[in-house]
Every structure is written in structure tokens, then in C-alpha cells.
Amino acid sequence: MKSRNACGFGAGSMRVLGRASIAAGLLVALSTFAAAQTVPQNTTGRNPGTQVPPGIYIPDEPTAAEQTRLHSRTQIGAAGISAPSFKFGEYNGLNKFHAFAIGNFDYRGGASYDSTDAWQWRFRGSSLGLETRNGILDFGKQGKFQVRFAYNELLANTSDSYQTPFLGVGSDTLSLPSTWVVPILPQKNATALNYFALNPVTAAGSVYNSKGVLTAPTQAQLNAMAAIRAADLPAFRNVDLSLTRKRGETQLLFNPTASIDIPVSYSREHKNGLRTIGGVNDQNTQDSALLPYRVNWDTDQTSAAVNVKLHKLFLSFAYYGSFFHNNTEHMLWADPAVIGLTSALAEEPSSQFHQFTATGSYKLSRDAKLVVVGSIGRGTQNQAFINPSLSNEGALPFGLPRPSLQGLVYTGLGAGKFTLKHGKWELVADARFDERDNQTPLGIFLFQDDASPKTGKSPFSGLYGLPTGLGTNTNIYNNRSLSKLSYKAGGEAEYSFSKSEHLMLGYGWDRADRHCSYSWITCADAKETNENTFRTEWRKSKGALTARVEYAFSERRGDYNENAFLAETPMANQVPAGGASQSAYSYLKSTGLTGFGPVAGLPSAPLTGDAAIFTPNNNTLAQAQYGTRNILNEIPGFKRYYVADRNRNDARTQLLWLAKDKVAIEGSGELSDDDYLNTKLGLKRRTWWAATMDVSYTASEDLVADVFYTYDNQRLYATGDAFGSNSTAKFQGQAGDTVLGGPCFSTVAARNASAKIDPCLNWTHNDRDKIDTAGLTLRRKNLAGGKLELAGEAVYTRGRTENAVVGGSYVNNPLALAAPAPKLPAGTQAIFFIPAQNYPVIRNDEVMVKPSATYVISKAASLQGFYWFQRLSPTDWRYQGLQAGNKLNFTPTNETVPNYDVHVGGLAFNWAF
Amino acid sequence: MRRSIRVIVFIILGLVLGSMGSRTAKAEINRSLDGDKKCTLCHNEASGHVLSIYQTKHGVKGDARTPGCQGCHGESVKHQENPSDSPEIVFGAKSKQLSSTEARTSACLSCHESSVHARTYWSGSTHEKQGLTCTDCHEMHNPEQKVLNKLTQPEVCFGCHQNERAQFHRFSRHPVLEGKVTCSDCHNPHGSTGPRLMVKNTVTETCYTCHAEKRGPFLWEHAPVVEDCTNCHSPHGSNVTPLLKTRAPMLCQECHTSDHAKGLYSAANLPGGPFVTGNGTIPLGAQSPTDQANGRACLQCHSQIHGSNHPGGAKYNR
């Protein structure tokens, strides 16, 4: 008995092509009444011999006719799921508790192989009753034309435990129930939103009063909390979050002559559903909500090409177009903290992208080839900006500089590759440039932070073409048109010592130039980076052993610019009113400072002149003096990792040992180490390694087993500085409350004088992922007189994410209060130093077991039973803060971490004809 | 941009001119069934599934391009005269007479390098340099090739890419095991113009084929997003949803250390986070818990992290 992989169908010998359409009709009809699903497939196997999904059956001694004609197959059956689980059904559609039908078909037909006709057709469909259904119809005359119509649905479940109080879910306007009471519990914080009011513990809410006494809430406060809870908690209701993608596609391939191909394709995809998105109402209090966000997107993609084949020459001219259309332009939502206030979010803008590509390859000789590619693209986005009057949050009091972005991005690619084989040598030389040239025009955009009405008067108000009335907290920004041009060149030379032993040496150079069109200052964190990579590989086969070792070292260096962030703030290049003699940028250049200002504590004498204006008390660049509320100042030594200087070591090894005819053992390992050697703050090091052991055992044609284990370990090591602002404050609460906790300073005054350089505020992150994955596949054939086949698959995944934190932060003693509260007892810390604590480990343990059995009834028919058990047991601290009563400023969602035990069992009948 | 256009025009002209070389005559092979009979007389239905090639595109005799047995395995005159001699080109991986990598690849490229489904970028590509041949992934006699079926293609790729096999069993992943997204949706195993065998010229262009909403251009662009999606995402799988390298706020703090991104956030800032102070464990009011350490952390407010088109969205929060 031979087995092989198809689409989950049994195979047989009856030729009943005429019944195909009837069977298809019946099946489609069946599928409209009940969900259908493909019988689970093997996803773990390494050895092709073990990759056979259950139920694929071909007779032992097929005739020539059976081997040469086209087979059609149908699979029908029934199955059931033991429990509903959104996560289990995340992509497969089996998220509901129910019985479902199994229905798949694959019908083929057309001229026989020995005909002079090349007409062929094929019609396939699976999972027809689920939101994961798909179908493909192919037909054509091979060598002349081929046509494909395909339809595919994809489900992506996110959460079924999400709750929201917002009404209008699924629309672009979210409101709150008329009964909504702002969940502020005054004794906790009289002004800011505090969802503590939704705390289910009625007696909670004890606070230190102004006299420094821990007090339980009054009856009136308890009544207020109860009223809030009674009004708001019932408003929270479940909303399932899930997206569906429906995609239809047409592909045509014309072959007008033997030397010309013309492939054309068009697809339309509609993505619809709900997901969550964060929406902030108040930037000061960080009042925000995880909103139910409607996705209603259409994406059309089309391509066409002309491929010309002239013996040694291949030429291709191709077009690709992508048209994204968002059917919802913006979203409005009511502020849970301020009745009557509405905030707005601009959704992803509709856009287009067109690309032309020319490819040519020329065979210079039997062993030498040249390939060149050129590509140009044009992306546009010109969706109207959101109407400033749509929301009443006051974010855009000065209107808009223009109605839409007029976004324009050109992309370009030029690449060439030359390959040559000569004797024992194989040479590859390649060069490439690619470009993203953003030509979007700049504009100055004036806006207020969320819930931050204008205050004071900006030193740029009425100057440099700006309107009057700008506040000190008005953001004066221009957009940046991020552009990048990268060049790559390299070569490799491989020498073959023998047919089975090879050594390769290679070198690559990679340069990236980043800039912003029309920008007044270099906008890129690293205007230019250069990377040199040296690599080598050795591989050898000898007898039963095959070994491979690869190693690469690369060195990237760039000119990091800590003041690049100023590119977004054009007023940094203008002299502010109020006494400054120069612009903020000029001041930084003349002093050699970054936006962080001097790396120093309080100056010994009060600062004067520009220093007092731009970096008062030696603090960071004063925001109002360059028109921003966005504190982006960079600490010297901080570097963003994706452009920072880096030494990279990559290694990979693979060893395959065919121990005996029956046993193959394969071990492989990968290592990658990124050392950001000149980075003092930011990501300093990333190391990753993984190792796999894979053993397959083929006892006989009838028994094959495969076992694997993979261990994966990633570490990200980053450092930071939670620096404060230098000040002359000498106590916390009232005079005398001066004792400071922590190892760095003993008094509040000493700490405040050096707040910006306090070493106790340095911290490190050590983020580790450790993941074990083990799997087993087993197949036993020819049982019960050759009629029974057993197969099984099991996978266990154990994921651990550790976020270790070292450092600490200062927290005021809640008893250190201003008068009339009593002073703290002598020696009592007015400010505590709180050591950091590691986050709880994020755990994801998943077990999957899929045994199955196939019983052969006849050459045409077989019966297949399967069972599928899957368990997920995760823990994740992310969900703690999402619960009602969380004391945070964002609206709770009461989401819980998904976990499940799901059993699926079923029986399917396979029929081939 | 003009530079790009000039280079492209130059390349095309060069190639067209270069194509004016002479054609090399190639020995004609009898691709008909009569030609195949030289082989199928012996390699018949009793020889495994040799004949099932006639169910595949390579066996459609109505298409004059189909190769015939000798088109792939060579004329093999010696083998015909003496069956104990091996055919000129042997593809069977377990055969002791397995032909060299070059010979096996050349047999396929004789048509597929520049004629049928041209694999223009194969020469010098990652897989070619690793010593792979077409038949390491393709089973030419199998009408249901695993590598051409979305549901089963990963099994073929996982044969070598074993770590990726494990990654696709993680908590957050693309729907590859369900056959909804497959390896070749993102990677072209035959070589490409993009890095890491991406099907498009860049990583971002490849991602935009499914995630076009993130393409923009946006009014406020986020530099690492424009550069490369994999700066933050692990596309094959992650322990942290959605396919993130690590959890926010730690992820964001790798690049941001100002404003509230500079702060130290730890388990002490979770609800019920136990502060141990000099006076014992006491509640610390507004200091515990902290918004930036909880829920979606930074993304709770800076939710338009892939770019914002709101005129006031410079901080990716609108």
C-alpha cells in the first residue's frame, strides 16, 4: 500500500467524471446547512515519509490506467467540537460548540494525457460551511491559456471576552449610555478619571487625607461609588472581536506564442469586522479607552506582465497595482471622563501604489549568467484630512494648512547579479540599490494635545507667518517625508574540493542614506550607515554524514545625530520672542549640546542669557522655546538600534546523520548576536539562538516515526535613564520632611539638585523568550490485512517570556503632605525609593494531539476517523490592568486570557472516482 | 528617482542588444509517447508511480513543451542498452546513483530558466548556493505535490527550516498551519530581488500585499515602520501578541527614552503591585498602578503606531 499527500482525500479507481457536477452540487448544498472543515493535516513532520495526512489511500498495485488518468475526490463526513473557544478557532473557524459537516471536493477533468488536446480543468473547494471556506476553479489549454478563479475567506478571531460600555459598535461614532456616570471617586482623585470607582470591593478606597491620616471612605463616598457602579457596570457588555477577509481572485495566463507569456491577475479583498484600538481623550491624565474599532477595508490588487523568451535572453515587463480603500475615514467617541466631549481618530487613509518592473536575464554561456532588474513605483495618498470641527476636543483650533496630504512616494530598484561556474569555482557578484523617495510636501500643522486647551502665549505667536493666539502648549510641527536610498554590493566565491565538499567565502557592503525631502535639518537618526559583512560556509557530505557550518560577521557604523528629532519642529530654527539671541537649534550647535541639555545638576550660579532660556537649571531644552509639547530630547549616548553602530555575529550549523537505513538523526543550530557597542542607552544587545534535534525512524514501509525538539532562546538587553528635572526644592510635603530613601542621596534637596544625573534612576531591561517545542509524528500502515492505517501527530509548546527589570523609582510618602498635615516623625522617609520588580513570567503552554485512522473499504472508498485534542494554558500580566476596579485611567475591558481544552472528533468518507 | 529610470533604461537596452547572439542548437528529443515508450516499457505501472507523471503538467502531451522522459532524465542510451547502467540523470534522493546537484538542476532549468515559468533569479540565489535542487522540494511524478498545496507546503519548507516549524506553534502567529497563508506568500524560494527571498523588492512591500492599510504614506510617519516591519515584529511567531519581539513598554523603550518613555516600569506598577518600602507595604496612591505598564502600555494611547493621518497626530495618538 502506498500513501501520499493530497488535500485530505482518499483515492480510488472508479472513473465517474460525469457525476462530478452532481456531487459538487450536493456537497455545496450540504455545506450551506452545516459547517465544513478539512480533516486536520500533519504540521510537524520533517521526513517526507512521515508527512502523510491520514486517509490518503492509493491501491497497492495500480494499473497503468489508474496511474495515468486524472482523479476526482470527495470527502464528506461529520464531526463535533466539545467546547467553544475563540482562540482555538482563531484561524480555523472552529470557535463554536457544535456538530459540523466535513465537506471537501477536488474534481479534475479534461483531455487525457495521450490526447493531442491540452484542455484541463480542476475545481476544488474546502471548508465550505465555515468562515474559512475557499474554492478554486482552474481551466485552460496548457501551453495556450490558463484561467483561475479563486475565492478564499480568512477568519482572525481576537477576543470573545472583550467588554465595552460604548454604544454604536460597528459604526464610526461611539457614544456612551445616557445613564453613564463619570467614574471618578473624589476621595482618590477629585479631577482625574479613576476607574477605582468601579472597584468591586465596596469597602475599598481608603486614602490618606490632607491631615495625613488613613481614612476609610465616608458613607457618602461609598454611596457615590455604589451609584457609579450601579450605573456603569451594567453598561459593559460583551463584543466579539474578529475580522474576516474575503478575497476573490482571477488569474489569466496567455501564451500567444511559444516565446511569449502574458500573465494577468486581479484580486479584490474585503476585510471586515472589529478589533480594538487605543483612543486617548486626555493626554495629561492619560484618560483613554480600548475602543471597538470597525475595520471595513477593500484592497484591489492587479498585475500584468509580458514575458519574452528569446533563447538566451529572458525579458519581462511587469506592472503591479495596489489600491487600498478604507470605507471609514475617521472614528469619533465620547469621552468617558467628560460628558459631552468627543474625541476623534483618523483611520488608515486610502492609498494607491503602482509599480513597473523590467527584468532581463542573459545566458552568456552555459555557466555564466547575468540578471538585471529595474523597478519604479509610485505611491499616492490624498485622503481629506479630518474635519477639525468634527470633534469638540479642541485639538485643531487653528484649522488646517491644506485639505489633504498630497502624499507622494517614489520607489526605485536597480539590481544586477552575475553568476559564473568555472571548474571547481562558483562565483556570484551582485549589486543593488533601492530607494524610497518621499516627495510629500511639507506643511506646518498647529495642534493642541488631547484635552489641553491653549494656555499662555507661545514665543512664536504671530511670528514667522504663524497666527497669533498660539499658546505655550501649542505644538508647531511639520511633517517629515522619510526617504532612504540604500546601496548593496557583494560577491561570493565557492570552491569545491570534491563533489561533496565546498567552501564559500563572501563579502557584502551595504550603505543606507536617509533623508527627508524639503527638511530644514537632517531628519534621520543616522544620515548614513555603512555595513560590511564577511561570511563563510563549509559543507561536506561523507557517507552517512552531511555537515554544514555557516558564519558571518558584519560591522555597521553610522553617524548618529541626537538632534534629528528637531526636524519635526521648524520653530527650533527660529529665534523665539522673549529675549533669546538665537534659535534653539543654533543654541544647541554653539554649545555642543543635545536636546537633553547639559549632563549636569543644578548650576552653581543661576544661569543667564540663552542658557537660562533654553536650558533653565541645566534641564532639557525648554519645549515652548521650539514650539512643542512633545518631549523628544535625546540623552547623549542613546541610539535607536535599527540604525545604531552594530557588530553582528551569525552562525548556523546543521548535521545530518543517516545512522542506518532506518534511522536518520539531524541536529541544527542557529546563533545570532547583535552587539550595539557604541550605545550607552537603548537596546545594547540582542542574542538569539535555537537548536533542533530531529530523529526519524523508518522501521519498514509500514511504520514511520519522527520526533523533534526545538529550543529557542532570545535575549534583549536594554538600558534607560528615568532622569528628573533639577530643582531647588528641599522637602516633600512641608519643611522638615527631607529624608530620602534609596542609596544615592540622603536628602530631598540633594536629590533634586542632581535629579537629572541621579544614578539611581538608571535602569536595565533584560527581556528573555525561552520556548521549547517538541513534536511527534507516527504512521502505521497495513494493519487489519492491509485495510487499516493509523497516523498520529502531537506537539507540545512551552513558551516563557521573562521581563526582568533592574533599577528603581522614587515615590512620595503619602503621609508627606503640606500643612495642616503633621510633619513626618523624625527620620521618616519623605520620598521612598522603590526597587523595580521583575514582571511575572508570560506563559503559553499548548498541547496538541491528533490521532487518526483510515479504513480502506474498496479501491474507491475509505473511511477516516480522527480525533483532535488541543489545550492552551497561558498566563499573562497584560490582562490584570484591563479589569474593572484596576485603578488605572483607561476604560476596563474585563478581558481574560484565553485558555481552552478542546476535543474535536469526526468521521469522514473518502470517495475517489 | 531620475537615476532609477536611467539605470533601468540602460539595462533594458543592454539586454536587448545582448540578445542578438546566436542560438545554440540543442539535440532534439522525442517528447511524444512513442519517445517515452523507450522508458515505460520497463518503467511501467509496476515501478511505483512513475506513470503518474501523466496526471501532471509535465505529462500533458497535447502541450508541445512537455519534456518526455528523456527530456529530464537524459537520452540515457547506455541505460537503454544495459539497464544496470544508470540513466544520465537520476533524481531519486535515495539512489546510490544520484546525479550531481548541477546535473539535476540543469535538467529543470533547460526549460525553466528562461522558457516556461522562468526562474530567472534561481542562479546565485540562497537555495541554489546552499546546494538545493528542484527535486529537493518538487516531486515531479506526484500530481499532488505537497509544495504546491497551501496546506501542505509548510511541511516541505519545515524539513530544513526547523526553527520556523517551532515558531509557527507559538501563541501569536500567521495562519500558516491552517493553509491560509503559506511560506511562498512571502518568500520566493526560487530567488527574488528582495532580501530574505521576499516576493517583493523589500520587506515592507511584501507585508503591504496583505496589510495595505499600513502603506501610507502617512502625514506622520514612524521611521522604523517605514524601514522594516521586522524592526518590531517576528513574522513567524511570537510569545507576545501581535507577533511582537517583546512586550510594550519594553519594546518601545528600546528606541524611546524621553517623556514618559524614560520611566522605569516594572511589576511594581501592575495592579496590586507590591511596593515594599521602609515602612512596610503601604498603598502609594497614584503611583500604583501605572498606565504605561499595563494593558497595551504605550499603545494604549499611541495606537496609530504605524503612522497617523490626523493633522494633530504627530505622536501617533489620533
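Start with chain B: 52% of its 318 residues count as buried, where buried means 20 or more other C-beta atoms within 10 Å of a residue's own, exposed means 12 or fewer, and partly exposed lies in between, with C-beta atoms placed from the backbone. This is a predicted model, in which local features need pLDDT of at least 70 and side-chain atom pairs count only at pLDDT 80 or more, while totals for chains, interfaces and linings use all residues. Residues are numbered from 1 along each chain as its sequence is written, and chains are lettered from A and ligands numbered from 1 in the order in which they are written.

**Chain B**

Colour chain B by secondary structure. It has 12 helices and 0 strands; helices (H or I, at least four residues) and strands (E, at least two) are DSSP runs, numbered from the N terminus. Among its contacts between residues at least 6 apart in sequence, 47% join residues at least 24 apart. Two residues are in contact if their C-beta atoms, placed from the backbone, lie within 7 Å.

Select Gly35(B), in helix H2 (residues 33-40). Gly35(B) is partly exposed, because 17 other C-beta atoms lie within 10 Å. Beyond four places in sequence, Gly35(B) touches Ile29(B), Asn30(B), Gly68(B) and Gln70(B). Its C-alpha is 19 Å from that of His49(B), 14 residues apart in sequence.

Go on to Thr206(B), in helix H10 (residues 203-208). Thr206(B) has 24 C-beta neighbours inside 10 Å and therefore counts as buried. Its contacts, leaving aside neighbours within four places in sequence, are Cys186(B), Gly194(B), Met198(B), Val199(B) and Lys200(B). Thr206(B) and Cys186(B) are 20 residues apart in sequence, with 6.3 Å from C-alpha to C-alpha.

**Where the chains meet**

Show both chains. The contact takes 177 residues from chain A and 120 residues from chain B. On the side of chain A that touches chain B, 76 residues are nonpolar, 69 polar and 32 charged. Here Ala, Val, Leu, Ile, Met, Phe, Trp, Tyr, Cys and Pro count as nonpolar, Asp, Glu, Lys and Arg as charged, and the others, Gly among them, as polar.

**The largest core**

Select Ile476(A), Leu566(A), Ala567(A), Ala572(A), Ala584(A) and Tyr626(A), the residues with the most contacts inside the largest nonpolar core, which has 50 residues. Such a core is a set of buried Ala, Val, Leu, Ile, Met, Phe, Trp, Tyr and Cys residues joined through C-beta atoms within 7 Å. Elements that each supply at least two of its residues include strand E22 (474-478) of chain A and helix H11 (223-227) of chain B. H4(A) gives the most, with 4 residues.

Centre on Leu566(A). Not counting residues up to four places away in sequence, Leu566(A) touches Ile521(A), Ala572(A), Tyr585(A) and Tyr626(A). Another core, of 37 residues, lies apart from the largest one, and Phe166(A), Trp297(A), Ala334(A) and Ile386(A) are among its members.

**Helix H4 of chain A**

Select Ala584(A), Tyr585(A), Tyr587(A) and Leu588(A), which are buried in H4(A). They cover an arc of only 160° around the axis, so they are on the same side of H4(A); the arc is that of the directions from the helix axis to the C-beta atoms. Lys589(A) and Ser590(A), on the other side, are exposed. H5 of chain A is included in what covers the buried residues. After H4(A) comes Gly592(A), with a positive phi near 75°.

**Confidence**

Finish by colouring chain A by pLDDT, the predictor's confidence in each residue, from 0 to 100. The mean for chain A is 88, and 90% of its residues reach 70 or more. Over residues 1-59 of chain A, pLDDT stays under 50. Where pLDDT is low, the predicted coordinates should not be read in detail.
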